[in-house]
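Hello,

Here is the structure I promised to pass on to you. Have a look at it first, and then read my notes below.

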Amino acid sequence: MAEMGSKGVTAGKIASNVQKKLTRAQEKVLQKLGKADETKDEQFEQCVQNFNKQLTEGTRLQKDLRTYLASVKAMHEASKKLNECLQEVYEPDWPGRDEASKIAENNDLLWMDYHQKLVDQALLTMDTYLGQFPDIKSRIAKRGRKLVDYDSARHHYESLQTAKKKDEAKIAKAEEELIKAQKVFEEMNVDLQEELPSLWNSRVGFYVNTFQSIAGLEENFHKEMSKLNQNLNDVLISLEKQHGSNTFTVKAQPRKKTKLFSRLRRKKNSDNAPAKGNKSPSPPPDGSPAATPEIRVNHEPELAGAATPGAALPKSPSQSSLPAVVVETFSATVNGTVESGSGAGRLDLPPGFMFKVQAQHDYTATDTDELQLKAGDVVLVIPFQNPEEQDEGWLMGVKESDWNQHKELEKCRGVFPENFTERVQ
């Protein structure tokens, strides 16, 4: 019997809740259609708007703080790996090994302490702050439902009072339900009217405390980390002093290693190679006198136009087997007379000369087509024969001393890093 009674109570409560939901739904429809008035409280609605804004801002702050903590953890791991690498490459006989190991250990502890304090003083505080919002949000929603119940009870009571045939018993019951609904609503409404403004005003102090904590923790962390970095720097300076002769030299910008001269030589050898079956001797090696065609120019003006014995002048640059830069120079120089224009035709400068630079640092050539430079060397800059072969940050030129001594472009020219030099002319 008790079990049946319990089931009966439960069934009755479910039925009552279903009836309430139907009544509320009906009331909301009538209000939207304008057939029933709705109790409004603009001040409370403004509090709800502030509440929703505050919840949105707090949720975003919590998310960004978690992202920040994840970044701190990632930086901790990266720093730890970097210090482990330093320990591996730091040889046992180098001075300061124990100090470097201790610094790495303190570095790891400092990161761990920083992360934990951020969790304790910022994230947990944030979680506590946001923890009050779900309950208030639920109560705001419940207040809304109770307001609909109050409006529904009020409309029901008013309809019974204005009916032509009045039923005093129903009116009394409706009045009783109205008073009950009003009491429940007002109790919830009063509490929220007090809590929501207070919660809204609390955001300022919370933001101040949170960001002050983060800023203070970060400031202390960087101060302590700066001390560790200074200690590590001192250890490395001591290591440098003991092994100072092996100081690392900053190198030039990397090149694609096009080996320009190698291609030119292969092309020249291919042009001069004997036909198949021809038993003529192989071409002389690069750098020998016979490897570079001799150009003889008659410097006597009155013999202009006469061919010099032993020198076969090309009919046109396109028919010449000479390197293109020599052909360009030849076209600008006829019988010792120089055409007016740029440095391409001046006998005291290399063909195509553009400007001079002076080496500010020593540069050690790393390939056969590069110039070896000493600080103070003057280089005459010339264009690349093929612009596509020029790498960014590199120039083509010939050292002025080599040019003045040999006047042979093919043997003297080479590429060099522009940032090792400074333009002087």
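Glu-186, Glu-187, Asp-191 and Glu-194 form a negative surface patch. In such a patch, like charges are joined within 9 Å, and each residue has over 30% relative accessible area and no salt bridge (a side-chain nitrogen of Lys or Arg within 4 Å of a carboxyl oxygen of Asp or Glu). Asp and Glu count as negative, with the charge placed at CG of Asp or CD of Glu. Areas come from the Shrake-Rupley method with a 1.4 Å probe.

This is a predicted model, where local features need pLDDT of at least 70 and side-chain atom pairs count only at 80 or more, while totals for chains, interfaces and linings use all residues. Residues are numbered from 1 along each chain as its sequence is written, and side-chain values use heavy atoms, without hydrogens and water.

Glu-187 counts as partly exposed because its relative accessibility is 47% (buried is under 20%, exposed over 50%, partly exposed in between).

Glu-392 is in the loop between β4 (378–382) and β5 (394–399). Glu-392 has 65% relative accessibility and therefore counts as exposed. Its C-alpha atom is 9.1 Å from that of Glu-418, 26 residues away along the chain.

Of its 425 residues, 31% count as buried.

Best wishes

Definitions and conventions: Buried < 20%, exposed > 50% of the residue type's maximum accessible area, 1.4 Å probe, protein only. Patch = residues over 30% accessible without salt bridge, like charges linked within 9 Å, V, L, I, M, F, W, Y side chains within 5 Å. Helix = DSSP H or I, 4+ residues; strand = E, 2+ residues; numbered from the N terminus.
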